[in-house]
Amino acid sequence: MVLRVDSLSHRYPNGTTALADVSLTVRAGERVAVVGPNGAGKSTLARHLIGIARPTSGTVTVDGRDAAGLEIAELARSVGFVFQNPDDQLHAATVAKEVGFGPRNLGFPADRRTALTQWALQVTGLTGEANSHPRHLSFGERKRVAFASVLAMDTPIIVLDEPTTGQDHRSVVLLEELVTDLHERGKTILAITHDTDFCAESFDRVVVLSEGRVRWDGPVERWLEGDRNPSMSAFEQPQMARLGRRLGWPTPVATVDGFLDQLTDHAAAR
Ligand SMILES: Nc1ncnc2c1ncn2[C@@H]1O[C@H](COP(=O)(O)OP(=O)(O)OP(=O)(O)O)[C@@H](O)[C@H]1O
């Protein structure tokens, strides 16, 4: 169990209860999407995973260690966090320096630092921007710089807060491929997202939060079976699911590959 949240509650000083008795376990190598309406408590939950929020009650355990008892810098070796707003985490004068900062800070040797920085720039499509000032890039590009700077830290767990926001179609496809690649490298990935297409293409499991509580937790395919699952009703079905329904297909389909498989089966059955 790489992440374990036990009966976690969080009340802000103004009295708002953002999380109420949340329990959740994530195994190493899982891809989990946390979804839910605005104000559900998703970002608050993420802040607990990186140790910048302290539980009102309950515990958060990362790799068997109580997050509340660890220094933020220590936790950063295990959990990389990509903020919703990249400007919360970009400070260096060039993209390459920004991406190289994390591995340098963690004390990695020079050859590992260089290899990780180059890899992170390459997989986020930023090699050509290595010498640019992050502030001169677009919002979508800055988000990719933030992602690259977390990748370069080579943490076993990566938490992404709304990664597809502000990304054009090409960048979303790049992101989906990247999540698959990271999964194949054995990373544990948890993303907070409102993007059901992204959930369908890149994640195995969905956790639905609402009003600070876990309302649903299970495989992404089951969650997407809209009318059989009331927790899905507040979300837009993935495009492939809507298309499958319009075609009258009885078995729900959510991904492009799933759609093509069913199309092939239907053609063969004719
Ligand atoms: N610093 C804070 N002080 C007081 N209340 C807060 C604070 N941060 C968040 N909240 C409240 O806690 C609740 C959960 O907020 P949170 O940001 O975790 O939700 P979210 O699911 O991430 O929302 P969104 O989808 O809009 O980003 C909301 O009611 C919010 O107003």
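What you see is a predicted model, so local features need pLDDT of at least 70, side-chain atom pairs count only at pLDDT 80 or more, and totals for chains, interfaces and linings use all residues. Residue numbers run from 1 along each chain as its sequence is written.

Take G80 to begin with. G80 sits in strand 6, residues 79-82. Is G80 buried or exposed? G80 is buried, because 23 other C-beta atoms lie within 10 Å. The cut-offs are these: buried is 20 or more other C-beta atoms within 10 Å of the residue's own, exposed is 12 or fewer, partly exposed is in between, and the C-beta atoms are placed from the backbone. Leaving out residues up to four places away in sequence, G80 touches V150, M153, T155, I157, I158 and V159. Contact here means that the two C-beta atoms, placed from the backbone, lie within 7 Å. G80 and G102 are 22 residues apart along the chain, and their C-alpha atoms are separated by 9.9 Å.

Next, two aspartates. D21, in strand 2 (residues 17-26), has a positive phi near 60° and is not a glycine. D21 counts as partly exposed because it has 14 other C-beta atoms within 10 Å. D154 is also no glycine, and its phi is positive at about 55°. D154 is in the loop between helix 5 (139-151) and strand 7 (157-161). With 20 C-beta neighbours inside 10 Å, D154 is buried.

Now the ligand. Which residues surround the ligand? They are Y12, N14, T16, A18, G36, N38, G39, A40, G41, K42, S43 and T44, where near means a C-beta atom, placed from the backbone, within 6 Å. Helix 1, residues 42-49, gives the largest share of this shell, 3 residues. By class the shell has 3 nonpolar, 8 polar and 1 charged residues. Nonpolar covers Ala, Val, Leu, Ile, Met, Phe, Trp, Tyr, Cys and Pro, charged covers Asp, Glu, Lys and Arg, and the others, Gly among them, are polar.

Last, the domains. The assignment gives domain 1 (3-235) and domain 2 (237-270), with bounds from an automatic or database domain assignment. Their contact takes 8 residues from domain 1 and 7 residues from domain 2. On the domain 1 side, helix 7 (residues 196-202) supplies the largest share, 4 residues. That side divides into 2 nonpolar, 2 polar and 4 charged residues.
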